[in-house]
Amino acid sequence: MEGHRMKAAVAVLLLAVGLAGGAALPAAAQSSVRVGGPVDQHIDRDAPPVANQIPGQSRADSWHGIRLGEQGTVSIPNKQAGVLIQSEGEAWRAVRNGPLSQYGSWMLGGILALLALFFLLRGRIRIDGEKTGRTIQRFNAFERGVHWMTAGSFVVLAISGLNVLYGRHTLLPLLGPQPFATLTQYGKLAHNYLGFAFILGVALTFVLWVGHNIPSRHDLVWFLKAGGLFSKGVHPPAHKFNGGQKIIFWSTVVGGAALGFTGVQLIFPFSFATMEQMQLFQLAHAAIAVVMIAIILAHIYIGSIGMEGAFAAMGDGQVELQWAREHHSLWVEDVTGEKVRHGHHGTPAE
Amino acid sequence: MARMKFLCDAERCIECNACVTACKNENEVPWGINRRRVVTINDGKPGERTISVACMHCSDAPCKAVCPVDCFYQTDEGVVLHNKDLCIGCGYCFYACPFGAPQYPQAGNFGSRGKMDKCTFCSGGPEIDNSDAEFKKYGRNRLAEGKLPLCAEMCSTKALLAGDADMVSAIYRERVVARGFGSGAWGWGTAYQTRSGQERDRSAGGGMFQGTGGPGPNPGAIPGAGGGMPTQKQGL
């Protein structure tokens, strides 16, 4: 405010001086312009030589507005082309090529290292008690179908997505430009269409299992004992899903919904979002995806090599009764009516 | 080695759109794509200015930095070109570019944008110079013919300058000194901030009000202001 007023005052003063000078000494002014030489030193060069400035309007402010993305008019159909400089793109680039890529790679590398370390220290988590040879059904065919649709699409989405973020620095030098570009092109196609299978899978997952995933007091105990993951023979009681599985469920539902939402915004450019929003959605999409991949890597580990008997739940849907007693004692009680001894291994309750 | 740059003098551009037309015709640009466009700011108001803008061929090109398949390359003359055979139409260069240069031939749901197209500084692409394949994908390669981009060559008021940065700067500097005011070397601060900072010092767009000192005789003089012929030759 003060600065503007000062500038205005100075401008008026200069203009007045210029006018007065011009009126009083027309001959001197003209000769100084024409002849040049030392007389030039007396010309007030701070005064605007011609009226190029509109009163009350600063050209610098005008250019500054352009720099900040002010939109002009264009005669072509694409009115967005009226934006001369969109600076948000530079911020997008800085975040994507900077912290997003860097922290993302640390996170993925970190989770792989942690899982490897866990495997080295703890080994495969075995069924502690004696196997019964009998199984009970944990997931029916429809549930398994939903799981594998979600899982299968997620794996393709994750790999093709990571390829877009990191492929240039990893696969490209190995494959060469043209094979890598072709691969990435198909990856992009797969990513764009399988996204819908994933969204459907997440929605069905939510409907199927939300009832079993409401947090309960047992989850607190489960977390306090770290699910018995780090100690042999410790098996905190759990219903159909234990605390850890509930974390996976809610990550999948919330993360999947966020990925689906941001993904749809990006797949239909400008249908729902502006340029700036799309840039933010892209960053959010990638960041959430990296976290999800890290969580799902842990899920894949414990559901396959990490634990004996776990894969069968999503394999043929039939799990070893003893496995179920150890990991989902309350669920076994609900389903079979038998009383399972909680908290530690030992002889079965029968 | 020359460093190719565009400069649009906003004090001279008259919004005739000849650059746009010349570009479309010379390069046979696909429908819906405008490699160059003319933007009017403060349209119809005092202080109206028009600017012709295309790819600025940035030193540290954001498009090149974010491309997932690394399809961009920069020639020895600083021109940013891309390989349409590698482009997957992901739209990342379009997100990153400050000047809205990258465009796509299709509307683009499900990522079906097609191959990105942008200004090539009239210097084609990775194909053999002036081959049919190069022309079909990228348009004319005038640089290979020893000519400058047609947009600038056609410009009726020579508002749009294209060519070696030193020469463009020299011409522009001379203009600014002659008219005694005004920067309007639009976009240079965004496109050409380079590592050493030398390029910036050399650029003509440094200050808003030049003509206080500087080269040339009688820099403060306004041509024709006093009436009659100047007794001394003035730098225009």
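**Briefing: strand pairing, cores and confidence**

Val38(B) stands opposite Ser52(B) in strand β3 of chain B. This is a predicted model, in which local features need pLDDT of at least 70 and side-chain atom pairs count only at pLDDT 80 or more, while totals for chains, interfaces and linings use all residues. Residues are numbered from 1 along each chain as its sequence is written, and chains are lettered from A in the order in which they are written.

**Strands**
- Strand β2 (residues 37–41) of chain B is largely enclosed by the rest of the structure, because four of its five residues are buried (20 or more other C-beta atoms, placed from the backbone, within 10 Å of a residue's own).
- Five bridges join β2(B) to β3(B) (residues 49–53), and the two run antiparallel; strands are DSSP runs of E, at least two residues, numbered from the N terminus, and they pair if DSSP finds at least two bridges between them.

**Nonpolar cores**
- The largest nonpolar core has 74 residues, and Cys8(B), Cys63(B), Cys93(B) and Leu160(B) have the most contacts inside it; such a core is a set of buried Ala, Val, Leu, Ile, Met, Phe, Trp, Tyr and Cys residues joined through C-beta atoms within 7 Å.
- A second, separate core of 13 residues includes Ile288(A), Ala289(A), Ile293(A) and Ile296(A).

**Confidence**
- The model scores ipTM 0.76 and pTM 0.78.
- Chain B averages a pLDDT of 81, with 76% of the residues scoring at least 70; pLDDT is the predictor's confidence in each residue, from 0 to 100.
- Over residues 194–236 of chain B, the pLDDT is below 50.
- Where pLDDT is low, the predicted coordinates should not be read in detail.

Terms used
Two residues are in contact if their C-beta atoms, placed from the backbone, lie within 7 Å. A residue is buried if 20 or more other C-beta atoms lie within 10 Å of its own, exposed if 12 or fewer, and partly exposed in between; C-beta atoms are placed from the backbone.
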